[in-house]
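Me: I am new to this structure and would like a close look at one part of it. Please set that part in its surroundings as well.

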Amino acid sequence: MSFTPVMRATLVLFIIALIASCATPTVRTVPFRIQSDPLGGYVLLQVRSDAADDPDYDWIYLGNTPLDARRAILSQDLNRADSFVIRVMKEGYHDQQKSWTGEQIVREAQSKGGVYWNPRLVPAG
């Protein structure tokens, strides 16, 4: 079978597009809406995975409450991570934290339009 130059060019472009779509990671933007009582707590995010080489997981600062932020998360991280942990900290109060699986994050974001949490901070001492 003989290919014309146009057919060859079309085939090459198709193969390049196919390879690029496989190599490009899918990103999901997840809205986080975190309140706290009282307001003004630091909000941190940690992604935990048993498959990670380093067991010391970094905390990512998202902002202060009330927080209305969007975070881009790779779909592979949503599938691979064991948990996504949100911690709210405020001086003079005990830290509060909550965990979600990647599947729970996706479901909550789809059903509610974001990940919502409103922890009541307990005074320390």
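In which strand is V27 found?

Reply: V27 is found in strand 1. This is a predicted model, in which local features need pLDDT of at least 70 and side-chain atom pairs count only at pLDDT 80 or more, while totals for chains, interfaces and linings use all residues. Residues are numbered from 1 along each chain as its sequence is written, and side-chain values use heavy atoms, with hydrogens and water left out.

V27 is partly exposed, because its relative accessible area is 47%; buried means under 20%, exposed over 50% and partly exposed in between, with a 1.4 Å probe and protein chains only. Leaving aside neighbours within four places in sequence, V27 is in contact (heavy atoms within 4.5 Å) with A72, I73, L74 and S75. L74 is 47 residues from V27 in sequence, yet their C-alpha atoms are 4.4 Å apart.

Helices (H or I, at least four residues) and strands (E, at least two) are DSSP runs, numbered from the N terminus. Along the sequence the pattern reads α-β-β-β-β-α-β-β-α-β. Of the 125 residues in the chain, 29% are buried. Among contacts with a separation of 6 or more, 67% are between residues 24 or more positions apart.

A nonpolar core is a set of buried Ala, Val, Leu, Ile, Met, Phe, Trp, Tyr and Cys residues joined through side-chain atoms within 4.5 Å. This core has 21 residues, and those with the most contacts inside it are V30, F32, I34, V43, F84, I86 and I105.

F84 leads on to another part of the fold. Beyond four places in sequence, the residues in contact with F84 include L45, I73, W100 and I105. W100 in strand 6 stands opposite F84. Strand 5 and strand 6 (residues 96-100) run antiparallel and are joined by five bridges; strands pair if DSSP finds at least two bridges between them. The two form a hairpin with six residues between them, and G92 in the turn has a positive phi of about 90°.

W100 is also touched by E108, which lies in helix 3. The side chain of E108 reaches the backbone nitrogen of Y116 at 2.9 Å.

Conventions
A polar contact is a pair of N or O atoms within 3.5 Å; within protein, one must be able to donate a hydrogen and the other to accept it, and residues adjacent in sequence count only if both atoms are side-chain atoms.
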